[in-house]
Amino acid sequence: MKFNKKFNFTDIILIVVLLAVVCGFAFRAPIEKLIENSFMKTEVNYVIETEADTLLNFEIGEDIYDINGVSLGTVSKIDFSFEKMMTHGRVTLSATGIKDNSGVYIGEKMFIAPGVNISFKLDTGLSGSGTVKIVKTESLK
Amino acid sequence: MKINNNKIKFNVIDIIISAFFALAIISSLYLFTQNQGIFTNTHYNVEYTLEIQSVDQEIAFNISSGDTIYDSKSATKIGQVSNVYHRLNPDKTYHVMVNISANAENHNGYTTINGVLIDKGYLLNFRTPQFSSIGKCVELSIK
C-alpha cells in the first residue's frame, strides 16, 4: 500500500464503510423524521381534566402550549363536570402526533396517555395543569 | 503500512484503522468500568408488584396483561405485565396491583432493570402505551 499513489481493494472497501458510517450519522435525523411523517403521523384527540377556574380561560379554537412554548394542540371542546360539583371540567384538544408501539406522542415527543399529568400555558400567559383522561388517534395516511 | 529499509511508514488508512482500534478499546474500558459489562453482571428473572392505591375508574382498566412497562423518566423497558388485580375502593376509585416480569441485573447488591433501580418500597413512575401512573413496589422476587 503506497501513500497517495495507489489504492488497493481493501482501501476502497474501508473508505466506503467509513463513508457509510459518516452518512449514517449525518442523515439519521432527517431519515427518522421522514419515516415518522410517512408512517407514524396521527391525528390525536385527547381529553384533559383540569380545575374549573382554569377551564374558564379556555376558548374553542385556541392553542395551548407546554412550558417550553411547544404547541400541545387546539381546543375543540370544553365541558364542565356536574359529577364533580363544578370544581373540575374537561377540555378536548386536537393535535398532530406520532404513534408507535410504545404509545402516542405530541409536541416535542411528549408522551401522552390516560393518567399523564400535563402542565400547560395559554396565549394569555395563564398556566395550569391537568390529567389526561382519554386519548384517541386517527391515522393521517 | 509500508516497511522500507527498516523504516515503517503509516498511511492515512493505517491511521484511521488505529483510531478505530483506539476507540474500540476506550469503549470497552468505559463499558467495564461503568460496571455495566455484559459478562460482569448477574442476570436473572424477577417478578415485582406495583401497587397503585387510587386510580380513577375511567382509566383503571387501561392496563392489562401483556403490556410493556416503561420507566417514565428514561423511557426504557422495565418489564411486561403478567397479571393485574383491581379492587374497588369506597370512593369509587380502584386499588390496582400490577405484577410485572422482567430480566434484572445485580449492580453492587442492587437490583436494576435496564439501568432502573428497583426494590421493595420504591416509588416508580411508570407507563404503558395506554396508561401512566406512580406505583409503589410492594413485592420483588427472583424467579
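How many helices and strands does the secondary structure of chain A come to? There are two helices and eight strands. Helices (H or I, at least four residues) and strands (E, at least two) are DSSP runs, numbered from the N terminus. Along the sequence, chain A reads α-β-α-β-β-β-β-β-β-β.

This is a predicted model, in which local features need pLDDT of at least 70, side-chain atom pairs count only at pLDDT 80 or more, and totals for chains, interfaces and linings use all residues. Residues are numbered from 1 along each chain as its sequence is written, chains are lettered from A and ligands numbered from 1 in the order in which they are written, and side-chain values use heavy atoms, with hydrogens and water left out.

**Chain A**

Chain A has 141 residues, and 35% of them count as buried. Buried means under 20% relative accessible area, exposed over 50%, and partly exposed in between (1.4 Å probe, protein chains only). Take contacts (heavy atoms within 4.5 Å). Among those in chain A between residues at least 6 apart in sequence, 58% join residues at least 24 apart.

A:Ile13 is found in helix 1 (residues 9-40). Its relative accessible area is 39%, so A:Ile13 is partly exposed.

**The cores**

In soluble globular proteins, nonpolar side chains tend to be buried together. A nonpolar core is a set of buried Ala, Val, Leu, Ile, Met, Phe, Trp, Tyr and Cys residues joined through side-chain atoms within 4.5 Å. The largest has 26 residues, and those with the most contacts inside it include B:Tyr48, B:Ile63 and B:Ile113. In chain B, strand 3 (42-55), strand 5 (77-88), strand 6 (94-107), strand 9 (123-128) and strand 10 (131-142) each supply at least two residues of this core. A second, separate core of 23 residues includes A:Tyr46, A:Leu55, A:Ile64 and A:Ile106.

B:Ile113 touches, among others, B:Val46, B:Tyr48 and B:Ile118.

**Where the chains meet**

| Feature of the interface of chains A and B | Value |
|---|---|
| Residues in contact | 20 of chain A with 20 of chain B |
| Buried area | about 1,600 Å² |
| Salt bridges | two |

Buried area is the accessible area (1.4 Å probe) that two parts lose on being put together, summed over both. Carbon and sulfur atoms give 62% of it. A salt bridge is a side-chain nitrogen of Lys or Arg within 4 Å of a carboxyl oxygen of Asp or Glu. B:Asp56 forms one with A:Lys133, and the closest N and O atoms are 2.9 Å apart.

Key:
Lists of a residue's contacts leave out its neighbours within four places in sequence.
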